[in-house]
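Let's take a friendly walk through a protein model. Have the sequence and the 3D view ready.

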2 protein chains.
Amino acid sequence: MLYRSFSILSAALMLIGNAFAADVSKSKPPTMADLLTASKPSDWRVPDPENTLYVELPSGRVVIELASNFAPAHVANVKALAREHYYDDLAVLRVQDNYVVQWGDPDAEKPASAKKIQNAKRTLPGEFDRSIDPSLTFTRLPDGDVYAPEVGFAKGFPVARDPKSNKMWLVHCYGMVGAGRDTAPDSGGGTELYVVIGQAPRHLDRNVTLLGRVIQGMEQLSELPRGTGGLGFYEKASQRVPIKSIRVAADVPAAERTALEVLRTDTPLFQDLIESRRNRHEEWFQYQAGHIELCAVPIPVRTPK
Amino acid sequence: MLYRSFSILSAALMLIGNAFAADVSKSKPPTMADLLTASKPSDWRVPDPENTLYVELPSGRVVIELASNFAPAHVANVKALAREHYYDDLAVLRVQDNYVVQWGDPDAEKPASAKKIQNAKRTLPGEFDRSIDPSLTFTRLPDGDVYAPEVGFAKGFPVARDPKSNKMWLVHCYGMVGAGRDTAPDSGGGTELYVVIGQAPRHLDRNVTLLGRVIQGMEQLSELPRGTGGLGFYEKASQRVPIKSIRVAADVPAAERTALEVLRTDTPLFQDLIESRRNRHEEWFQYQAGHIELCAVPIPVRTPK
């Protein structure tokens, strides 16, 4: 019983890259597993190494794709910080259950011992939203959203849009990466970064700058011990998890890079994938939801063969 | 900067039970922290020990409130299983990132060595939904839902309703507890239980029996190492986390019980709390969402003074 309880629910994700007989010929609509098996190389893309960060933890590497179309100044600044090795030997300071993991300089508020910044900027104006860019293909979801007039995907990221105000913005789904800030809206800049590890905190949308998404290694953040201090901060310095380094992938020797492909979100295949998740035709399901919300749509990532 | 980045966002939850000056006199609408500080004893309830489970892990106790109004047969069976010590020395077998933690009998599929059941039942018909009971006060959310015609809270649990079909059902929010099942809809029964540890998997609603919610100790499940096998199963027996025991709280000596109070969801105060989360008036916020989705509404729990 137990080994099969959820086997059909999420088999598709596990099967990416595995041999799996495509089964799109049957009358039943394809599952996500079927679709991925039948996918063509052109349905996938390789993230730009110039737009990819490697966060090196003692447990291994976390890979972040940067959202340069949505937070160009923050992305540029985070890369500048990485390139001057600002993040090296900083630490995960906070893990709040069902909310965020956050890292930065434990001494940030002590002027004498705070880590110095050479060329990058310490703070930037917020990039909480931007004008709608029609050149960014928007794959809109059909089922609406509790928070925004329109939601969907653009450039591989979860996005909301408001045509009336001509604004679009990144959405706080699981795995999204943002730049922590203080009360002033221009007090962030990327020296502290957080990653969503629970139910989508949509109340943060348009309040803080999102700048990327974890595309591999998420479990190394989500399984960290929760901090027992207020807001999930670690109470003792010894509990903090060291950030060994953060590098722009383009600066890492090619042989040491992590080869990954991300499913494109601007293709007919991705539209079919959305449909396969709105109505689940795997045998296990008794009831089909007929709907899907933005943060429930998976964006598959695979290791090339 | 970093210590305050999120301090206002979620201070309220951390401040429950702490001294905190109420600030409801100002012209600004109250925050959740204000409301909880101003709450009366009658805004809180003590979960029924006969309807509460203690899951004893090596790391400590996880407390589950059972949803007897929604899954009466499963709740009765889980209590019967606990009372015959069925769960003792079973194990967490599976931790799938952004999805579920699941425990049960590692030998469940081996007839010779599977743990025997004395008086409880191994399987039950699914209790995936039920008829709407007008006597269960329903605190409806004003902002709709992607999946269901109506959502809100009843008896302290997140609930969806469809007046047309006269059905109501529990919703897969973070911390909800369900009975794993095989492909057959009547193959569950509570011998294996799962807990949601990520983005609400709403596609499971009405497909599997939810029977309770974790009200304390959630982090002991959510921070477990993710399994590296298919579907997050642990690949080696040595990785499994032992379930020392599961007991009905009423069977535990009073001095060994965990004293908890849960905020009632059928009060004017809870309505105000919902409003305080739809529009966040804490100083940090630049933009107020004006909406909230079901699984984003906190149900505060506190330790009585």
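This is a predicted model: local features need pLDDT of at least 70, side-chain atom pairs count only at pLDDT 80 or more; totals for chains, interfaces and linings use all residues.

Residues are numbered from 1 along each chain as its sequence is written, chains are lettered from A in the order in which they are written, and side-chain values use heavy atoms, without hydrogens or water.

**The sheet.** In chain A, nine strands make an open, antiparallel sheet in the order β14-β4-β5-β12-β11-β13-β3-β2-β15. Strands are DSSP runs (E, at least two residues), as are helices (H or I, at least four), numbered from the N terminus; two strands pair if DSSP finds at least two bridges between them. At the edges, β14 (241–242) and β15 (245–248) of chain A each pair on one side only. Two bridges link β14(A) to β4 (residues 91–96) of chain A, with A:Ala91 partnered by A:Pro242.

**The helix.** Helix α3 (residues 72–83) of chain A lies across several strands, including β15 of chain A. Contact here means heavy atoms within 4.5 Å.

| Feature of chain B with chain A | Value |
|---|---|
| Residues in contact | 75 of chain B with 76 of chain A |
| Salt bridges (Lys or Arg side-chain nitrogen within 4 Å of an Asp or Glu carboxyl oxygen) | zero |

Among the elements of chain B that each supply at least two residues to the side touching chain A is α4 (219–222).

Definitions and conventions
Axes are lines fitted to C-alpha atoms, for helices over the stretch in contact, and angles run from 0 to 180 degrees between N-to-C directions.
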